[in-house]
Amino acid sequence: MNILPKRIYLFQNLPIIRNMKIFTQWNKDIFKFIWKGNKPRIKYAVMTNLKKRGGFGVHDLKLYFEASALVWIRDWINFKKSKVLTIEGFDLRRGWHSYVWYGKTKIEKNFGNHFIRSALIRVWKRYKQYFYTKTPKWVSLLEANQRRLLGWTNWPPYRDLLKGKAPTFQLKSQVEIQEKYKEVTWLQYLQIKEYFNMDNKLGFSEEDIWEKLIKSEKKLITVIYNRLLEWSTETEQITNSMTKWARNIGRPIQIHEWEEIWLRKIKYTYASDLEENYLKMLHCWYMTPAKLRRMYQNMDYKCWKCKTNEGTFFHLWWTCKKTADFWKIIHAEYQKILKKSFPNETGILLIGYV
Ligand SMILES: [Zn+2]
């Protein structure tokens with residue numbers, strides 16, 4: 001699909017979407033195209049999930065927008081693009097960190113009177129709590145409160161102000177801080193101390209997912225996108241069809257086993273029609289008589305082949321007498337070709353689960 005690069009270009013350069021409704025509409029259009037106007041047969045969460053995690057890798061435009069927005073937030077956090085920041089924040093009274101971390105957007109409405117800033121901060125607010133429950137160490141309280149007054153270029157973050165180990169961090173002495181930040185006078189040290197006492201109540205974040213994510217300059221949007229996707233599909237995972245299969249083959253499948261099945265299946269072949277078959281099988285995609293009956297009252301729910309049992313997915317593919325005969329032949333042939341003997345089992349023959 002050629003849609004994505006064009007969209008990302010827009011998302012990166014004009015991050016001004018404040019109303020998320022537009023994404024619902026876009027998704028509707030995309031899915032209308034994918035399913036040719038029919039009712040979708042596979043859940044949205046599965047469609048958008050990564051291929052290696054058992055999904056179909058359809059792009060979630062909303063998450064791409066949010067990932068592009070978070071890249072901007074990174075610039076607000078690390079102050080590297082000072083010229084852009086000067087333009088973007090020309091009318092702000094406080095420092096960037098006061099809005100990004102200390103939530104001063106509520107007090108100072110002026111922050112939101114700006115198309116780009118207000119759209120970006122909304123995205124950040126949505127994900128902030130996923131990244132941090134405690135104060136991150138990149139926060140610079142002097143920047144947050146004194147940006148206009150002091151006008152420094154080098155702001156000391158908590159990383160350089162703290163010593164000791166989690167969860168009991170201590171504040172370095174003024175002399176220790178001055179080794180790296182000569183400008184810190186006793187007045188600023190007192191201010192640091194005051195804010196430290198407040199922030200220390202909440203504690204400081206030890207493991208920093210956000211900082212790890214934004215370290216790489218390469219493919220930054222993809223890296224962030226994948227993380228957001230993980231969070232958004234976490235609750236509604238691929239496990240739906242996994243549990244179905246576990247019930248069918250009569251033993252539990254662990255999530256890592258399931259992923260292994262996926263990865264192997266994808267690597268098996270370059271033939272897209274074979275891959276399509278695998279995916280349809282693993283997702284129980286096919287319309288069965290049992291399913292059709294639930295949709296249409298006058299349908300016959302019996303198996304098309306033996307015409308006696310109920311035509312469930314598993315019956316049609318495995319337990320039906322006629323299918324079983326077929327598998328017997330396949331099984332025998334397999335053993336002949338591979339010169340190995342293995343049990344005639346669903347897991348092995350149908351989904352490649354050993
Ligand atoms: Zn049957």
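Colleague: How far apart are the end C-alpha atoms of helix α7 (residues 115-131)?

Modeller: This is a predicted model. Helix α7 has 17 residues, and at 1.5 Å a residue it should span 24 Å. The distance between its end C-alpha atoms agrees with that: 24 Å.

Colleague: At which residue does α7 bend?

Modeller: The bend in α7 is about 30°. It falls at K125.

Colleague: Which residues of α7 are buried, and what covers them?

Modeller: The buried residues of α7 are R117, L120, I121, V123 and W124. An α-helix has 3.6 residues a turn, so residues three or four places apart point the same way. The cover over the buried residues of α7 includes α4 (61-78), α5 (82-88) and α6 (96-100).

Colleague: Are α4 and α7 roughly parallel or roughly perpendicular?

Modeller: Two packed helices are described by the angle between their axes and the distance between the axes. For α4 and α7 the axes lie 9 Å apart and the angle is about 100°. That makes the pair roughly perpendicular.

Colleague: How many charged residues does the contact of α4 with α7 have?

Modeller: From α4 come E66, A69, L70, W72 and I73. They meet A119, L120, V123, W124 and Y127 in α7. By class, the contact has 9 nonpolar residues and no polar ones, and the number of charged residues is 1.

Colleague: Is K36 buried or exposed?

Modeller: K36 sits in the loop between α2 (21-34) and α3 (44-48). Within 10 Å there are 6 other C-beta atoms, and the cut-off is 12 or fewer. K36 is therefore exposed.

Colleague: What is the phi of K36?

Modeller: Most residues other than glycine have a negative phi. K36 is not a glycine, yet its phi is positive. The value is about 55°.

Colleague: Where is C284, and what is its phi?

Modeller: C284 is in the loop between α16 (272-282) and α17 (289-295). It has 19 other C-beta atoms within 10 Å and is partly exposed. Its phi is positive, although C284 is a residue other than glycine. The value is near 50°.

Colleague: Which residues is S241 in contact with, leaving aside its neighbours within four places in sequence?

Modeller: S241 lies in helix α14 (residues 239-249). With 19 C-beta neighbours inside 10 Å, S241 counts as partly exposed. Its contacts, with those sequence neighbours left aside, are L282, H283 and C284.

Colleague: What distance separates the C-alpha atoms of S241 and L50?

Modeller: Along the chain, S241 and L50 are 191 residues apart. In the model their C-alpha atoms are separated by 16 Å.

Colleague: Is I261 buried or exposed?

Modeller: I261 is found in helix α15 (residues 255-268). It has 21 other C-beta atoms within 10 Å, and the cut-off is 20 or more. So I261 is buried.

Colleague: Which residues is I261 in contact with, beyond its neighbours within four places in sequence?

Modeller: L282 is 21 residues from I261 along the chain, and their C-alpha atoms are separated by 9.5 Å. Leaving aside those sequence neighbours, the contacts of I261 are I351, G352 and Y353.

Key
Residues are numbered from 1 along each chain as its sequence is written. This is a predicted model: local features need pLDDT of at least 70, side-chain atom pairs count only at pLDDT 80 or more; totals for chains, interfaces and linings use all residues. Helices (H or I, at least four residues) and strands (E, at least two) are DSSP runs, numbered from the N terminus. The expected span of a helix is 1.5 Å times one less than its number of residues. The bend at a residue is the angle between axes fitted to the seven residues ending there and the seven starting there. Two residues are in contact if their C-beta atoms, placed from the backbone, lie within 7 Å. Axes are lines fitted to C-alpha atoms, for helices over the stretch in contact, and angles run from 0 to 180 degrees between N-to-C directions. Angles under 35 degrees count as roughly parallel, over 145 as roughly antiparallel, 65 to 115 as roughly perpendicular and the rest as oblique. Ala, Val, Leu, Ile, Met, Phe, Trp, Tyr, Cys and Pro count as nonpolar, Asp, Glu, Lys and Arg as charged, and the others, Gly among them, as polar.
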